[in-house]
Amino acid sequence: MVATPIGNLGDITLRALEVLRGVDVVAAEDTRDSGRLLNHYGIAAKLVALHEHNERSAGAKILDLLAAKQSVALISDAGTPAVSDPGAHLVATARSAGYKVIPLPGPNAAIAALSAAGRAETHFLFYGFLPHSAGERRRDLAALKDQPWLLVFYESPHRILASIADLTSVLGGERQITFARELTKLFETIHTLPLCEALAWLEADPNRQRGEFVLLVGGAAPLEGAGIGEEAQRTLKALLAELPLKQAVKLAAEISGEKKNALYELALAWKKDDGQEGA
Ligand code: SAM
């Protein structure tokens, strides 16, 4: 599994070049695209196509090659194969047939974005592409809404405006978003701003909507009243869903042993947040 550049052809490892030169066959997502990369480095490899639409049939042929003791390198159009790219099915089949699968680490758009964005968050959740259809996209975002970690998305220029609109409406406009666009290429841009300003920023210059994007979006804000244990917060939340506020707070205090005042403050803060979202 050989990682290849995400733009700048110089971003290829010595080991990747050595392996691409040495293998019997290079399986590539787009043989024309990869042909250019290989030509650039003077590598005359035997190419076979393995892409999203033929992964199973091409995978079976690759297993035949492996059975005939041929060595195969898998590359994708950009970055690390099998990361938001084809390859995982082939790897699973090859592994279960007892073949050794070796990763050659290298470029990856998400990691490149994270390394240069300067975000303070220490944990992140890599989501990759959101669904194309608006309904499914919003459903996925709703499921991510309460996650505390930095969210990492891939997006193409065709859906960037629609995705930003949905990110803003589902997650709220207060979170910070980083656009990491055209990394390692001529028009590389890394820009952070609040989500509520993101759509206007994109629309202010059509060039900002072009190219490939990694989006880094802040996670859910830590719960108010962080001093209150998670278990007590969960209890309070469950009781608030069923009972009037005062009664829920009283019971939550009895069950959890937390101070009634602190629970009361927290319940009020939640209520205020819900009111703002509904507005
Ligand atoms: N396997 C690749 C990797 O390791 O990053 C990802 C492949 S995925 C099909 C393509 C998506 O990756 C693009 O739509 C974009 O979201 C992101 N991407 C790829 N190259 C990029 C670049 N140079 N700058 C920003 N994002 C990029």
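**A tour of the ligand site**

Start with the ligand and select Ala-109: one of its backbone N or O atoms lies 2.8 Å from a ligand oxygen atom, a polar contact (a pair of N or O atoms within 3.5 Å). The model is predicted: local features need pLDDT of at least 70, side-chain atom pairs count only at pLDDT 80 or more, and totals for chains, interfaces and linings use all residues. Residue numbers run from 1 along each chain as its sequence is written, and side-chain values use heavy atoms, without hydrogens and water.

Next, select Tyr-154. A polar side-chain atom there is 2.7 Å from a ligand oxygen atom. Then go to Ala-78, where a polar backbone atom sits 3.1 Å from a ligand nitrogen atom. The ligand alone exposes 570 Å², and the protein buries 91% of that (Shrake-Rupley areas, 1.4 Å probe).

Now show the whole shell, meaning residues with a heavy atom within 4 Å. It holds 19 residues; Asp-85, Asn-108, Tyr-154, Glu-212 and Phe-213 are the closest. By class, ten are nonpolar, four polar and five charged; Tyr counts as nonpolar, Gly as polar.

Colour strand 5 (150–155) and strand 8 (213–217). Each supplies at least two shell residues; strands are DSSP E runs of at least two residues.

Domain 1 and domain 2 both give residues to the shell, so the ligand lies between them.

Methods:
Polar contact = N/O pair within 3.5 Å; in protein donor to acceptor, adjacent residues only side chain to side chain. Helix = DSSP H or I, 4+ residues; strand = E, 2+ residues; numbered from the N terminus. Domains from an automatic or database assignment.
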